[in-house]
Amino acid sequence: MIINKTVFRPSTPEDRIAVRAVHRRAFGRDAEADLAIALIESETVTIDLVAKIDAMVVGHVVLSELTGPDRALGLGPLAVDPEWRDFKIGTELVRRALEHARRDGWRSAFVLGDPVYYGRFGFKRALAEPVQCAYQGPYLQALELAPDGLGGYRGSMAYPPQFHAVD
């Protein structure tokens, strides 16, 4: 089974070229690749993991600190090389990144993405509805990583400024 042969670990500076390449292949453009690199090289607090098979990076995910709710992260971008998408690598990257966030004491996570895909991890649109955000809408979802992780938060939330470069 491929997932058993995959190494999941935090990225290192030596992975940057491969991380950029996997995002380019996954999205077919540079915007998400530029965002991923800008986030992990910035002062923004991030959690990022790579998935490697042999010496090849086949996936990458970033969670970055948000402004607003206490100890909240934004999940994304998530990329898996198109040749490896059928092997649950993206699912495992998200699962491990969220577990890492829980262990580190983060209270909630937000994602802008497909409700069916991210719903599998417990993300819910209803949890994100009270939050005012530039990305407000049907694809913004939240997950409480700790009991009552959002504490009924109502107010503004902002992603790191690096997200403004992505259209």
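Strand β2 (residues 46–53) runs antiparallel to β3, and eight bridges join the two; strands are DSSP runs of E of at least two residues, helices DSSP runs of H or I of at least four residues, both numbered from the N terminus, and two strands pair if DSSP finds at least two bridges between them. The model is predicted, so local features need pLDDT of at least 70 and side-chain atom pairs count only at pLDDT 80 or more, while totals for chains, interfaces and linings use all residues. Residues are numbered from 1 along each chain as its sequence is written, and side-chain values use heavy atoms, with hydrogens and water left out.

Six residues lie between β3 and β4 in their hairpin, where Gly-68 in the turn has a positive phi of about 135°. Strand β3 (residues 56–65) is largely enclosed by the rest of the structure, because eight of its 10 residues are buried (under 20% relative accessible area, 1.4 Å probe, protein chains only).

Turning to the helix, α4 (residues 89–103) has 15 residues. Buried residues of α4 include Ile-89, Leu-93, Ala-97 and Ala-101. Just after α4, Gly-105 takes a positive phi of about 85°.

Notes:
The expected span of a helix is 1.5 Å times one less than its number of residues. Buried means under 20% relative accessible area, exposed over 50%, partly exposed in between (1.4 Å probe, protein chains only).
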